[in-house]
Amino acid sequence: MLFLVFGASGAGTTSAIDLVRGSIARLECHDFDEIGVPSDADTAWRQRSNELWLVRALELQTNGLDLLLAGRTPPRELLATPSEERLDGMAACLLDCSDEVRVDRLRARFRTLGSEGEAGFADQIAWAEWLRHHAADPRWR
C-alpha cells in the first residue's frame with residue numbers, strides 16, 4: 001500500500017512524516033525529494049521519479065510493507081505512472097496550511113539556509129491553491 005501525504009512547500013509534509021517515521025511497524029517513510037532534485041528538474045524528471053518511488057512501493061509490498069511518501073506530487077500524477085496498476089492500493093492526504101503560515105515558514109527556511117530570496121513564494125501559493133482544487137476533484141485542470 002502506498003500512502004501519499006502531499007502539499008506545497010511549507011505545508012509541513014516533511015515534519016509530519018518525521019513524526020511518524022519509526023513509530024509504525026511495517027511502514028517505511030520517505031520524503032520524495034530525498035532522491036535528489038536537479039536544478040533543471042522538469043516534467044520528464046518528475047515522471048521518472050514518480051516511477052522510481054512506485055517501484056520502491058512495489059518492492060516493499062512484496063515484503064508485506066507499506067510506503068508513506070511525502071512530497072508535492074499530486075495523486076493523479078502517481079496514478080498515471082506505469083507501475084501504479086500493480087499496487088495493492090493507494091491513499092492520499094493533502095496537508096495544507098494558510099498562505100500566511102506558508103510564507104512565514106518559507107521565510108524561516110530561507111533565513112536558515114542563508115538566503116533572502118522570496119521569488120518562489122507566489123509560485124508556492126499558486127501551487128497550494130491548485131492542490132486544494134485537485135484534492136477535491138482530481139480531474140480539475
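The lining of the second largest pocket comprises two nonpolar, eight polar and five charged residues, where Ala, Val, Leu, Ile, Met, Phe, Trp, Tyr, Cys and Pro count as nonpolar, Asp, Glu, Lys and Arg as charged, and the others, Gly among them, as polar. The model is predicted, so that local features need pLDDT of at least 70 and side-chain atom pairs count only at pLDDT 80 or more, while totals for chains, interfaces and linings use all residues. Residues are numbered from 1 along each chain as its sequence is written, and side-chain values use heavy atoms, with hydrogens and water left out.

A pocket is an open set of points on a 1 Å grid over the protein atoms alone, where a 1.4 Å probe fits, with protein on both sides within 12 Å along at least five of seven lines; lining residues have an atom within 4 Å of a point. The second largest pocket holds about 230 Å³ of space, a volume being the space filled by probe spheres set on the points. Of its 15 lining residues, Ser 9, Gly 10, Thr 13, Thr 14 and Arg 109 lie nearest the centre. Helices α1 (13-20) and α4 (99-113) each supply at least two lining residues, and α1 gives the most, with three; helices are DSSP runs (H or I, at least four residues), numbered from the N terminus.

The largest pocket contains about 300 Å³ of space. Its lining includes Phe 32, Asp 33, Trp 45, Arg 46, Arg 72 and Trp 127, and divides into six nonpolar, two polar and four charged residues.

In helix α5, Phe 121, Gln 124, Ala 128, Trp 130, Leu 131 and His 134 are buried (under 20% relative accessible area, 1.4 Å probe, protein chains only).

Key: Buried means under 20% relative accessible area, exposed over 50%, partly exposed in between (1.4 Å probe, protein chains only).
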